[in-house]
Amino acid sequence: LRLRSDGASEVRGVIMRLYRANYQPGTPVYPPVDVRFAVTDAPDAARFSRWFRARHTSEPQLFELQRERAITLAAPGAQLVMQLRGMVQTQMIDELYYVAIESIRAVGF
């Protein structure tokens, strides 16, 4: 995800909202097990945050990056890179595991 900024900024956190499939029986949510983030202008050389545990909810989840100082400073045009690890929810129709994210937003100044 490319960050929109006119100048250098600091990403203090990331808000992730998982998709809730209201049209499926039981209205399942498809979360990853863990998630981590990097703010970089070179995705191949990204320095990632620690792994955060994702909650099994469609409510917005805030992952605070203040303690992750090495990865939070963003130059204009930097990218927010997100890595997901693990899947916990199967889809009833095919019994395969999925992760579905509704939205991601970087917060900071």
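Colleague: In this predicted model, which residue of strand 6 stands opposite Arg36?

Modeller: Arg36 stands opposite Gln83.

Colleague: What makes strand 2 and strand 6 a pair?

Modeller: Pairing requires at least two bridges. Strand 2 (residues 32-40) is joined to strand 6 by 8 bridges, so the two strands pair under that cut-off. They run antiparallel.

Colleague: Why are strand 3 and strand 6 called edge strands?

Modeller: The open sheet of 3 strands has the order 3-2-6, with antiparallel pairing. Strand 3 (52-53) and strand 6 (79-87) each pair on one side only, and they are the edge strands.

Colleague: How do you know that strand 1 is mostly covered?

Modeller: A residue is buried if its relative accessible area is under 20%. In strand 1 (residues 9-18), 7 of the 10 residues are buried, so the strand is described as mostly covered.

Colleague: How do you know that strand 1 pairs with strand 5?

Modeller: The cut-off is at least two bridges. Strand 1 and strand 5 (residues 73-74) are joined by 2 bridges, so they pair. They run antiparallel, and Glu10 has Leu73 as its bridge partner in strand 5.

Colleague: What makes strand 9 and strand 4 partners of strand 1?

Modeller: With strand 9 (residues 101-108), strand 1 forms 7 bridges in the antiparallel sense; here Ile15 stands opposite Arg105. With strand 4 (residues 61-64), strand 1 forms 4 bridges, also antiparallel, and the bridge partner of Met16 is Gln61.

How values were computed:
Residues are numbered from 1 along each chain as its sequence is written. This is a predicted model: local features need pLDDT of at least 70, side-chain atom pairs count only at pLDDT 80 or more; totals for chains, interfaces and linings use all residues. Side-chain values use heavy atoms; hydrogens and water are left out. Buried means under 20% relative accessible area, exposed over 50%, partly exposed in between (1.4 Å probe, protein chains only).
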